[in-house]
Protein chains: 2
Amino acid sequence: MSDREARIQRLGEVLGIHRPVLCAPMARIAGGRLAAAVSSAGGLGFLGAGYGDPGWLGEEMTHVPDSSAVGIGLITWHMAPTAVRDALVHQPKAIWLSFGDPAPHIPEIHEAGALAVCQVGRVAEAVAAADAGADVVVVQGSEAGGHGRAGRALFGLVPEVADAVDVPIVAAGGISEPRGLRAATELGAAGVALGTALYATDEALDVEEAKRHLVATDGDSTVQSRVYDHVRGPLWPDEYVGRSVATELTNTWAGREDSMAADLDGIRDRYVEDVAQANMERRVVWAGEGVGAIDAIVPASSVVEAFPAIPSIG
Amino acid sequence: MSDREARIQRLGEVLGIHRPVLCAPMARIAGGRLAAAVSSAGGLGFLGAGYGDPGWLGEEMTHVPDSSAVGIGLITWHMAPTAVRDALVHQPKAIWLSFGDPAPHIPEIHEAGALAVCQVGRVAEAVAAADAGADVVVVQGSEAGGHGRAGRALFGLVPEVADAVDVPIVAAGGISEPRGLRAATELGAAGVALGTALYATDEALDVEEAKRHLVATDGDSTVQSRVYDHVRGPLWPDEYVGRSVATELTNTWAGREDSMAADLDGIRDRYVEDVAQANMERRVVWAGEGVGAIDAIVPASSVVEAFPAIPSIG
């Protein structure tokens, strides 16, 4: 077995999965149906519980036949103080912590018998997460849709993290299909996380117009900005930006978000209408650079099953 | 032969090389000795002639034993009107055009019997270059050191370009060693371009302090900005930024380069001293995200020879 195959095998064993594919916990887009479909297809689905609203999570978990087959993702820097505990009540297989220091929460996750999946965007963060007991480190590059750290992409980041930590690495960002898995595993990863590619599926929680917009968008047409944080709140810490499809709003304000302050009430009032009318020229649709590879809205199973199964041992 | 092997083979045939490795034409850093060493090791070396100063190029070409074994790189948007002609006088194997529309120059290059290598940072640019007759398209991701387009990294960009054009693709950005070649060729590339990794070699044209600084820098410590364009001139078009090792200057001014105007004379006077004193806390050292993999200053041949040779046919 090559090193590459051994890495993939080990990820499969650690997570108990049959394909090296995770569903990124896209906040309020990855609900119970999507997470369950990804796990059912052999990967590992995560519900995107965002800041940890227990009502949303409880409702979405009713669509998950077996809670021990899915994970739950939380946004560490802004989650409710009880968010990890509220998530663990559902007895998920794993908790995925993104954006902030996971270390204070890992003991509680392990005590509940769940795995700790920690997302990072820098080598130093990966080392800290591994030292704190992370079972899997998700290395998110600047290619990724939604929030993330700007400035480091997977090509340099994955091998550097692979040389620095000994836990299985999952690569996230710009990957929509099996070529990305092969490349990521050559760089030292053991699997991949899919966000945008699973957003454009039947099971994702958003209006049809948003999914069709993903199909119509090419990879040159996404942009990182803080525009929608200003519009929707909260304002994330400085190191984070959000990658979305470019819109009238990002074309106008990206790079000078501070100038939005003078007219923010007006922009927000208009934005409520933009969302209600599913105005895709203005509404946020988070998307990574891999969006160019998406050409249809399909069941999540067909996205996951395009990736090769992990060979079973012996 | 797999598709991947066939792609690498074709690049070898098109460029007449034995390893799928190009030396990026780092302006005034990739001189004749570096270019010749890369070609001698089986790759394809390029001199970084920048805006096309014929005096610099003539001097550097005296260090190239066989001009038909190397290429010459130019910065399209700001090169001298006679730069392509001045470069072709040396009868190089190829001209590498970066940053700007290569189309007007390709016929002249071909008429001189040279190959046209066109660097792009967007899918649309790749399609335009291929349509204009480019022999090889270099896809530069935002991981790359020096100037480049911000916002698209290799993971999403390479497969999208590979699906859109039929010319051999070389991936550039964040790649320092063979893992990057394997990953890039899984995504649809046929080879790689190395910049930073060849900067940290005996043959590169810069002071020893700069090369040692590359060895000491990790991949988390580079930043894209326009700071050094303001300090050194010229101001590049809006779509381009430059990735360098982070310094006191980028820490102070990145993201608010326009504010430099008020004190620009003072900053420039100080910068002349910074360069004279090889003050690496302030002087620009262009570097890509792959800088973390560099751990010694070595001969260029040892960087290139770490990459596998292209299997010879039959």
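**Notes on the A/B interface, pocket and backbone**

1. Let's start with the charges: there are 8 salt bridges between chain B and chain A (side-chain nitrogen of Lys or Arg within 4 Å of a carboxyl oxygen of Asp or Glu). Over all chains, the count by this rule is 28. Bear in mind that this is a predicted model, where local features need pLDDT of at least 70, side-chain atom pairs count only at pLDDT 80 or more, and totals for chains, interfaces and linings use all residues. Residues are numbered from 1 along each chain as its sequence is written, chains are lettered from A and ligands numbered from 1 in the order in which they are written, and side-chain values use heavy atoms, with hydrogens and water left out.

2. Have a look at Arg152(B). Its salt bridge with Asp220(A) has the closest N and O atoms 2.8 Å apart. Arg152(B) sits in the loop between β7 (146-149) and α7 of chain B, and Asp220(A) in the loop between α10 (208-216) and β10 of chain A, so this pair joins two chains. Arg152(B) also meets the side chain of Glu289(A) in a salt bridge, at 3.1 Å from N to O.

3. On to the interface as a whole. Contact (heavy atoms within 4.5 Å) involves 31 residues of chain B and 32 residues of chain A. The buried area is about 2,400 Å², with 48% of it from carbon and sulfur atoms; the term means accessible area (1.4 Å probe) that the two parts lose on being put together, summed over both.

4. Polar contacts between chain B and chain A come to 20 residue pairs, both residues at pLDDT 80 or more. Such a contact is a pair of N or O atoms within 3.5 Å; within protein, one must be able to donate a hydrogen and the other to accept it, and residues adjacent in sequence count only if both atoms are side-chain atoms. On chain B's side, the elements giving two or more residues are α6 (123-131), α7 (154-164) and α8 (178-187). Helices (H or I, at least four residues) and strands (E, at least two) are DSSP runs, numbered from the N terminus. By class, that side has 11 nonpolar, 7 polar and 13 charged residues (nonpolar: Ala, Val, Leu, Ile, Met, Phe, Trp, Tyr, Cys and Pro; charged: Asp, Glu, Lys and Arg; polar: the others, Gly among them).

5. The largest pocket holds about 1,800 Å³ of space. Of its 50 lining residues, the closest to the centre are Gln224(A), Ala150(B), Gln224(B), Arg226(B) and Val241(B). A pocket here is an open set of points on a 1 Å grid over the protein atoms alone, with protein on both sides within 12 Å along at least five of seven lines, and lining residues have an atom within 4 Å of a point. Points are joined across faces, edges and corners, and a volume is the space filled by probe spheres set on them. The lining divides into 12 nonpolar, 17 polar and 21 charged residues.

6. Finally, the backbone. A cis peptide bond joins Gly233(A) and Pro234(A), with omega about -10 degrees; Pro234(A) is in the loop between α11 and β11 of chain A. In chain B, a cis peptide bond joins Gly233(B) and Pro234(B), with omega about -10 degrees. Gln91(A) is not a glycine but has a positive phi of about 55 degrees, and lies in the loop between α4 (83-88) and β4 (94-98) of chain A.

Methods. 1 Å grid on protein atoms, 1.4 Å probe; cavity = no way out; pocket = protein on both sides within 12 Å on 5 of 7 lines; lining within 4 Å.
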